[in-house]
Amino acid sequence: MKRIVGNRSSGKTYKLMLDAKENNGTIICSNPNAMREKAKAYGLTGINFMGYYEFFKSPTEDLGAYYIDELELFARYMTNNVLGNFTGYTLSLE
């Protein structure tokens, strides 16, 4: 599993997009249209993007490699829409 940890504006999303492009992956994110525009601004094409709702409705085996942008937002989405009473998690910076 690839972990990209860094401060705001440190290039985390760009690195994620590069890895997804190399591995024909799908990036799961809160706003696929905005991410497509961001990729376009970076000069990156051929990356698949999918919103959280669509992700939970799709079989993951059909996606190949998939990447989560902003894991905390993803966890918050799961709390409000999928898991219910999810209240915490741990994260190792390794």
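Buried here means under 20% relative accessible area, exposed means over 50%, and partly exposed lies in between, with a 1.4 Å probe and protein chains only. By that cut-off, buried residues make up 30% of the 94 residues in the protein chain. This is a predicted model, in which local features need pLDDT of at least 70 and side-chain atom pairs count only at pLDDT 80 or more, while totals for chains, interfaces and linings use all residues. Residues are numbered from 1 along each chain as its sequence is written, and side-chain values use heavy atoms, with hydrogens and water left out.

**Overall layout**

- The protein chain has four helices and three strands; helices (H or I, at least four residues) and strands (E, at least two) are DSSP runs, numbered from the N terminus.
- Along the sequence these elements follow the pattern α-β-α-β-α-β-α.
- Of the contacts in the protein chain with a separation of 6 or more, 46% are accounted for by residues 24 or more positions apart; contact means heavy atoms within 4.5 Å.

**Sheet**

- The three strands form an open sheet in the order E2-E1-E3, with parallel pairing; two strands pair if DSSP finds at least two bridges between them.
- E2 and E3 stand at the edges with a single partner strand each, so one side of each has no neighbour in the sheet.
- From one strand to the next, the twist averages 30°; axes are lines fitted to C-alpha atoms, for helices over the stretch in contact, and angles run from 0 to 180 degrees between N-to-C directions.
- Strand E1 (residues 26-29) and strand E2 (residues 48-51) are parallel and share four bridges.
- Among the bridge partners in E2 are Asn48 for Thr26 and Gly51 for Cys29.
- E1 is joined to strand E3 (residues 66-68) by three bridges, again in parallel, and Ile28 has Ile68 as its bridge partner in E3.
- Both faces of E1 are covered: Thr26 and Ile28 are buried on one side, and Ile27 and Cys29 are buried on the other.

**Helices against the sheet**

- E1, helix H2 (residues 32-42) and E2 make a right-handed β-α-β unit; a crossover is right-handed if, with the strands pointing away from the viewer, the path from the first strand over the helix to the second runs clockwise.
- H2 lies across E1 and E2 and runs at about 155° to E2.
- H1 lies across E1, E2 and E3 and runs at about 170° to E3.
- The buried residues of helix H1 (residues 12-22) are Thr13, Leu16, Met17, Asp19 and Ala20.
- Seen down the axis of H1, these buried residues fall within an arc of 165°, so they line one face of the helix; the arc is that of the directions from the helix axis to the C-beta atoms.
- An α-helix has 3.6 residues a turn, so residues three or four places apart point the same way.
- The cover over the buried residues of H1 includes E1, H2, E2 and E3.
- Just after H1, Asn24 has a positive phi of about 50°.

**Nonpolar cores**

- The largest nonpolar core has 11 residues in all: Leu16, Met17, Ala20, Ile27, Cys29, Met35, Ala39, Leu44, Ile47, Phe49 and Tyr67; such a core is a set of buried Ala, Val, Leu, Ile, Met, Phe, Trp, Tyr and Cys residues joined through side-chain atoms within 4.5 Å.
- H1, E1 and H2 are the elements that give two or more residues to this core, and H1 gives the most, with three residues.
- Another core, of seven residues, lies apart from it and includes Ile28, Met50, Phe55 and Tyr77.
- Leaving aside its neighbours within four places in sequence, Ala39 is in contact with Met17, Leu44, Ile47 and Phe49.

**Individual sites**

- Thr13 lies in helix H1 and is buried, with a relative accessible area of 10%.
- Leaving aside its neighbours within four places in sequence, Thr13 is in contact with Met35, Lys38 and Asp69.
- Gly64 is located in the loop between helix H3 (52-57) and E3 and is partly exposed, with a relative accessible area of 47%.
- Gly64 and Gly25 are 39 residues apart in sequence, and their C-alpha atoms are 6.2 Å apart in space.
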